[in-house]
Every structure is written in structure tokens, then in C-alpha cells.
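Q: Look at the model below. Let us ask what each label rests on.

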Amino acid sequence: MTTATLGQRIFASWYPGFMSRVERAGQADLRRAQLCRASGRTLEIGAGDGLSISHYPDGLDELVLLEPNPALRARLTARADTVAGPVTVVDGDAHRLDFPAASFDTVTASLVFCSVRDPARALREVHRVLRPGGRFLFHEHVRGTGLRAGVQDVLTPLQRRLADGCHANRDFESLLAAADFAVEDIAHTRMPTMMPTIVPLVVGTARRR
């Protein structure tokens, strides 16, 4: 098992509490609407401390929760142990998913692609492990427009240091459009928080071609 870096430990010390407040303010409803469409064998990348677990539907063949931050993974494991059904918690890297090709019916990501080093490569890995016709359910904060985009550009270097690599100004929509997915639906909405850099959200579904 890897040891958490200082940055990972700092992030794990404040992020769960922050997100719990955001969840209570309405984020949980967005998460639930995203994850209710999961089916079959499902992989969540960047599962954090497990806020998504309760929103998955009953009857999944298996839920695999991948979390690279050891400090968060310990909390995730404790939460997963309270859930009925086949749930597995694993370490891993979104750039090199340690699963065979076409081995999942669903892959989910919630507020993850802001922080991966190479999001295009991570999307290729999501595509690889999905079965043909499988669904990618995404829920990501994205680059805004106008003044907000400028604020994100200015604050991203600081946010990367405080939030374990989070890029406030990452254009996830363009990255997804360039990947080999068929986007079925995408909704533009807002995260219920006063933090201006992460307010714009997209929630949607794409299929592996």
C-alpha cells in the first residue's frame, strides 16, 4: 500500500467536510440523478471517501471503487464495509487502469477529471475498460466563461496546491468531445457552493462506440 503524500494528507483533512456541506446544499441530488443509471459491473474512478456509495441502485453485479489517495481510501473502505452487496475498494491510477479491456458495463466519475495529470489518457482508459455500448456517467466541474474563466485561470495554480492537483479551469467538455465516445446527454448546471472556481458543472452520459 502506498503512503499518502503531504499534499494528499492535507487534501483529505478538509475535502470530505467541505463536500459534505455541498452535498447537503443540493449536490447529493445531482449525484443521485447521475448514478441511478449505473448497471451491471460498475467502476467508479476517484471515489474519494465514498459520498457516492449510497446513490448507486440496488442490484449491481459489482461496484469497484478506485481511490489513489491512501488517506481517503481508508475512509472509503470503512464506508464500503457498511454497504450490502459486492463492493471492492482498490488503489489505482486512472491513467493505467489495472483491469482487462471491456470488463465494465458502467464507469462513473464525480469531480475527478479536474485533477488527473493527463485527462485525455484517462478518458482513453475509461473507454478501454468499458464494454461496447457501456456507459460513462460523468459529473464534473468545468471551465466557465467570461470573467469567471479569467478568475479560474488566475486561481488555478493556488487551487492545484491546496486541492491535490485540481485544475479549476480544465475544459472537460472539449476533452470529452475529442474522445471516442458518443455523448448521449449533458446538462449544464451549478454546484451549490460559494467557491467561485468550481461552480460550473456538467452532468451527463456518454457511451462507448
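Q: Which residue stands opposite Glu44 in E2?
A: Leu65 in E2 stands opposite Glu44. Helices (H or I, at least four residues) and strands (E, at least two) are DSSP runs, numbered from the N terminus.

Q: What kind of model is this, and how are residues numbered?
A: This is a predicted model, in which local features need pLDDT of at least 70, side-chain atom pairs count only at pLDDT 80 or more, and totals for chains, interfaces and linings use all residues. Residues are numbered from 1 along each chain as its sequence is written, and side-chain values use heavy atoms, with hydrogens and water left out.

Q: What makes E1 and E2 a pair?
A: Two strands pair if DSSP finds at least two bridges between them. Five bridges join E1 to E2. The two therefore count as paired, and they run parallel.

Q: How do you know that E2 also pairs with E3?
A: Four bridges link E2 and E3, again in the parallel sense. At Leu66, the bridge partner in E3 is Val90.

Q: Why is strand E2 called largely enclosed?
A: Buried means under 20% relative accessible area, exposed over 50%, partly exposed in between (1.4 Å probe, protein chains only). Four of the five residues of E2 (residues 62-66) are buried, so the rest of the structure largely encloses this strand.

Q: What is the order of the strands in the sheet?
A: The order is E3-E2-E1-E4-E5-E7-E6. These seven strands form an open sheet with mixed pairing.

Q: Why are E3 and E6 said to stand at the edges?
A: Strand E3 (87-90) and strand E6 (181-190) each have a single partner strand, so one side of each lacks a neighbour in the sheet.

Q: How far are neighbouring strands turned against each other?
A: On average by 15°, direction ignored. Axes are lines fitted to C-alpha atoms, for helices over the stretch in contact, and angles run from 0 to 180 degrees between N-to-C directions.

Q: What joins strand E5 to strand E7?
A: Seven bridges do, between residues 130-141 of E5 and residues 200-208 of E7. The two strands run antiparallel. His141 has Leu201 in E7 as its bridge partner.

Q: Which strands does helix H1 touch when it packs on the sheet?
A: H1 (residues 6-35) touches strand E4 (104-110), E5, E6 and E7. Contact means heavy atoms within 4.5 Å. The direction of H1 makes about 170° with that of E5.

Q: Which strands does helix H3 touch?
A: H3 (residues 119-129) packs on the sheet against strand E1 (41-45), E4, E5, E6 and E7. Its direction makes about 145° with that of E5.

Q: What covers the buried residues of H3?
A: The cover includes E1, E4, E5, helix H5 (172-178), E6 and E7. Among the buried residues of H3 are Leu123, Val126 and Val129.

Q: Why does Pro200 count as buried?
A: Its relative accessibility is 15%, under the 20% cut-off. Pro200 is found in strand E7. The residues it touches include Glu140, Arg148 and Thr189.

Q: What is the phi of Ala102, and where is Ala102 found?
A: Its phi is near 55°, a positive value in a residue other than glycine. Most residues other than glycine have a negative phi. Ala102 is found in the loop between E3 and E4. At 29% relative accessibility, Ala102 counts as partly exposed.

Q: Is Leu111 buried or exposed?
A: Leu111 is buried, with a relative accessible area of 11%. Leu111 lies in the loop between E4 and H3, and has a positive phi of about 60°.

Q: How does the radius of gyration of the protein chain agree with a compact globule?
A: The radius is taken over C-alpha atoms, and the globule rule is 2.2 Å times the number of residues to the power 0.38. For 209 residues, a compact globule would be near 17 Å; the protein chain has 16 Å, which agrees.

Notes: Lists of a residue's contacts leave out its neighbours within four places in sequence.
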